[in-house]
Amino acid sequence: MASRGKSETSKLKQNMEEQLDRLMQQLQDLEECREDLDEEEYEETKKETLEQLEEFNDSLKKIMTGDMTLVDELSGMQLAIQAAISQAFKTPEVIRLFAKKQPGQLRTRLAECRRADRLHCSTEQQTTKAQIRSVITWPSLCRYIDVGVKKAMDRDMMVGKMSRDVHTQQKMEILTALRKLGEKLTPEDDTFLAENATATLSQFEKVTANLGSEDKIMALASSGVKTQA
């Protein structure tokens, strides 16, 4: 297939980005409305959106075949879509920034994550001090905490744990996207990736390692990234 003209390539890229934005918005809306849906409805809707992503990926693969100009322009989008389909990436906004090759905005998100890390550590320290003071000041009350209060505390801890897991996942996605875009990471970031890598993210990293040529990118597009159980 002959390379397209600059204007045609630009329009095609814009069209692809708009389609991807629409699908990412669907995923984002789904996550925001998750509490209003039962689990079956949520899973079914998510499955349908991922199937649409797979169809979009197939179309993108056909368009890119043999056209090095499009491979250069759309390779980031190809990788981002694979990350979404394989569930290696689960954050729509991070996927969108990855697809559009926007390391600057990804680093802004990373800075926000780091601020959240510092806030989390500070809050934990303050909570621990408050708990110590309460034990010292009211030792007898600690033996008679109402069962309902205990349950509420357990529930709050679980919500906090879930929020922490989501935060870690997003930070992992941002760092992985930056690495794939050729950005240099700090030793601390490399350590964080190594310590928190999930099976799915590790598989994505392995399959997409050292991509750069058209053949390698198209090989990825053809084979897909499979989610590990």
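This is a predicted model: local features need pLDDT of at least 70, side-chain atom pairs count only at pLDDT 80 or more; totals for chains, interfaces and linings use all residues.
Two packed helices are described by the angle between their axes and the distance between the axes. Here helix α1, which covers residues 6–32, packs with helix α2, residues 39–64, at an angle of about 170°, and their axes lie 10 Å apart. Because angles over 145 degrees count as roughly antiparallel, α1 is roughly antiparallel to α2. The crossing in which α1 passes α2 is left-handed.

Which residues of α1 and α2 meet? On the α1 side they include Leu-12, Met-16, Leu-20, Leu-23, Leu-27 and Leu-30, together with Gln-19 and Glu-31, while among those on the α2 side are Tyr-42, Thr-45, Lys-46, Leu-53, Phe-56 and Ile-63. Taken together, the residues of this contact divide into 12 nonpolar, 5 polar and 3 charged.

The next residue to look for is Ala-84, which is found in helix α3, residues 68–85. Ala-84 has a relative accessible area of 1%, and since buried means under 20%, Ala-84 counts as buried. Ala-84 and Glu-54 are 30 residues apart in sequence, with 9.4 Å between them in space from C-alpha to C-alpha.

The last stop is helix α4, residues 92–99, where Arg-96 is found. Is Arg-96 buried or exposed? Arg-96 counts as buried, because its relative accessibility is 11%.

Conventions:
Residues are numbered from 1 along each chain as its sequence is written. Side-chain values use heavy atoms; hydrogens and water are left out. Axes are lines fitted to C-alpha atoms, for helices over the stretch in contact, and angles run from 0 to 180 degrees between N-to-C directions. Helices (H or I, at least four residues) and strands (E, at least two) are DSSP runs, numbered from the N terminus. Angles under 35 degrees count as roughly parallel, over 145 as roughly antiparallel, 65 to 115 as roughly perpendicular and the rest as oblique. A crossing is left-handed if the near helix is turned anticlockwise from the far one by less than a right angle, and right-handed if clockwise. Contact means heavy atoms within 4.5 Å. Ala, Val, Leu, Ile, Met, Phe, Trp, Tyr, Cys and Pro count as nonpolar, Asp, Glu, Lys and Arg as charged, and the others, Gly among them, as polar. Buried means under 20% relative accessible area, exposed over 50%, partly exposed in between (1.4 Å probe, protein chains only).
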